[in-house]
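Please view the sequence and the structure before reading on.

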Amino acid sequence: MSQVTPEVLWAQRSSNTDPEKNFIYLTISVPDIPKENLKLDLQPTGLTFTGHSDTLKKTYHLDLTFYAEIDPAESKVHHTARNVELKLRKKELNEEYWPRLLKDPKKVQYLKTDFDKWVDEDEQNEAPEDDFSQFGGMGGMPGMGGGDFSGIDFSKLGGADMPAGDDDEDDSDDDDMPALEGDEEAKEAKEEKDTSKAAA
């Protein structure tokens, strides 16, 4: 049975006044691990995760030592069929971001920035509030509904507001395109042929 290190995605927010806006997003990508097959030990300085997937016949293991301390009591965990998501409250209120997630500055292959959740430090106050209603303790698996697209109006997605018909309105700029190499020679040969016919 193989033991692998799962991919970890992370992003963060920071605030020197509001503890609710001072946290780390952490997503551990571990598909097909039922709740009873995972063990998560969250400490102020790091976390240890072990989980086994019977379907993939893999055991995932992860040991992280954080750059700075978190508050495990105020942190939240959400387990889905594809991953374990954590919202880790930073212990120290600070306006500046952590320079990295881990204490050790050495780059590790399994750790990547979560660009879906990342917001630049100077833009975090304009960022929309994230919905953490699905986060909770380790109990249950809320929010695991399948692909229910019943509430989406597909007619409003992509291309619906494109004007119909007159597409050649702005085609005048196509006339200024330079000829391709082969086309240029063919055009010159044709002009020479036409000139010689006219002279005869």
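## Basis for pairing

Two strands are taken to pair if DSSP finds at least two bridges between them. The model discussed here is predicted, and by that criterion strand S3 and strand S8 (residues 83–90) pair in the antiparallel sense over 7 bridges. Within this pairing, Ile28 stands opposite Val84 in S8.

## The sheet as a whole

The sheet is open and is formed by 5 strands, which follow the order S7-S8-S3-S2-S9 with mixed pairing. Strand S7 (70–79) and strand S9 (111–113) stand at its edges, and each has a single partner strand, so one side of each is left without a neighbour in the sheet. From one strand to the next, the twist averages 25 degrees.

In general, the strands of a sheet pair through backbone hydrogen bonds, either parallel or antiparallel.

How much of strand S3 (residues 23–29) is buried? Taking buried to mean under 20% relative accessible area, 6 of the 7 residues of S3 are buried, so the strand is largely enclosed by the rest of the structure.

Besides its pairing with S8, S3 is joined to strand S2 (residues 7–13) by 7 bridges, and S2 and S3 run antiparallel. Ile28 of S3 is the bridge partner of Val8, and Ile28 also stands opposite Val84 in S8.

The bridge partner of Trp10 in S9 is Thr113.

Conventions. Residues numbered from 1 in each chain as written. Predicted model: local features only at pLDDT ≥ 70, side-chain atom pairs only at ≥ 80, totals over all residues. Heavy atoms only, no water. Buried < 20%, exposed > 50% of the residue type's maximum accessible area, 1.4 Å probe, protein only. Helix = DSSP H or I, 4+ residues; strand = E, 2+ residues; numbered from the N terminus. Axes fitted to C-alpha atoms, helices over the stretch in contact; angles between N-to-C directions.
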